[in-house]
Amino acid sequence: MRIVVALGGNALLRRGEAMTAENQRANVRIAAEALAPLAAEHELLISHGNGPQVGLLALQADAYKEVEAYPLDVLGAQSEGMIGYMIEQELGNVLPYEQPLATLLTMIEVDPDDPAFQNPSKPIGPLYSEKKAKALAQEKGWTVKPDGKKWRRVVPSPLPQHVFQLRPIKWLLDKGCVVICTGGGGIPTMYDEHHRLRGAEVVIDKDFASALLAREIGADLYIMATDADAVYLDWGTPAARPLGQVTYDDLKSHDFAAGSMLPKVLAACWFAQVTGRRAAIGSLVDVQRMVAGEAGTNITKAPDEPQELFGTPMR
């Protein structure tokens, strides 16, 4: 099978954990050990989140006052290379030497007229107290919003429209290479009024970008590996219950957290609807069982289900 696995940001850097290179590498090593059996048996493409990392890079850049801070697209490219390097190295340590691996910086096109530019919603960077977050917002011109019991900076998150590196990604997969790409939703780019490609000061949702890529490369299965073992109804309450085999019709009447599970549910439903293939959401430790359809929440398209993009009009 051709499989796309999107590693959630919390699979690489756990909530509340110090954002050190050592901690990130330790988590990447755990991810590599979980993914290695898939690479041995299937064509594997790995994408990943970068919210904590790109936020940290932004803070570090802002601390150096001699030059203007780099924009988010450049920081996104930096984080994609950094995380991809660690994944590639740790996977290489557990796979046979002859297994080829490649990290590919991936530019993703967004629409400059996307309404997301007017409604920043994507959390990046570390968690703050409400008081600290609002003070930083006042000082730096940020938009901040609650994230659980803490607060974080949020930036626009327009929908992905096109993967520029699609052909080399396919070439590498066809040659048996494990490909690591589309990190953090890819490097956000858009065409200006002169039809020149330039960076965008946004962060693309990695679940949507990975779903788009999974469709474009003809993936048989799209997995989103997170820190929850499934999608839950009534999450955080005594009535919480996991979902197993579901369709969009089973999910559309329920509410999910906008900053965490909702993008995954929407991306999974979109992929299942436009391809007729399965998407799965669950824990990284269960990834092999998710491939077999025995763990996590598995989303498929019902035979008579009409295609509804419900707010994700990706090409």
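In the predicted model, strands β4 (residues 107–110) and β10 (residues 187–191) run parallel and are joined by three bridges.

Helix α6 (residues 166–174) has two distinct sides. L166, I169 and L173 are buried. Viewed down the axis of α6, the buried residues fall within an arc of 65°, so they line one face of the helix. The face turned away from this buried side carries R167, W171 and D174, which are exposed. Packing on the buried side involves several elements. The buried residues of α6 pack against the strands β1 (2–7), β2 (43–48), β3 (101–104), β8 and β9 (178–181), and against helix α7 (206–216). After α6 comes G176, with a positive phi near 85°.

Aromatic pairs were examined next. The structure holds three of them. F164 and Y191 form an edge-to-face pair, with 6.2 Å centre to centre and 65° between the planes. F164 lies in the loop between β8 and α6, and Y191 in strand β10, so the pair ties together parts that are 27 residues apart in sequence. F164 counts as partly exposed, at 25% relative accessibility. Y191 also counts as partly exposed, at 27%. Another pair is formed by Y222 and F271. The ring centres of Y222 and F271 are 5.7 Å apart and the planes are at 65°, so this pair is edge-to-face. It links distant parts of the chain: Y222 sits in strand β12 (residues 221–226) and F271 in helix α9 (residues 261–275), 49 residues apart. Y222 and F271 are both buried.

W142 is buried, because its relative accessible area of 15% falls under the 20% cut-off. Leaving aside neighbours within four places in sequence, W142 is in contact with L59, Y128, L136, A137 and R153. From W142 to T247, the C-alpha to C-alpha distance is 38 Å, and the two are 105 residues apart in sequence.

Technical notes:
Residues numbered from 1 in each chain as written. Predicted model: local features only at pLDDT ≥ 70, side-chain atom pairs only at ≥ 80, totals over all residues. Heavy atoms only, no water. Pairing = 2+ DSSP bridges. Helix = DSSP H or I, 4+ residues; strand = E, 2+ residues; numbered from the N terminus. Buried < 20%, exposed > 50% of the residue type's maximum accessible area, 1.4 Å probe, protein only. Contact = heavy atoms within 4.5 Å. Arc of directions from axis to C-beta. Phe/Tyr/Trp six-rings, centres within 6.5 Å; stacked < 30°, edge-to-face > 60°.
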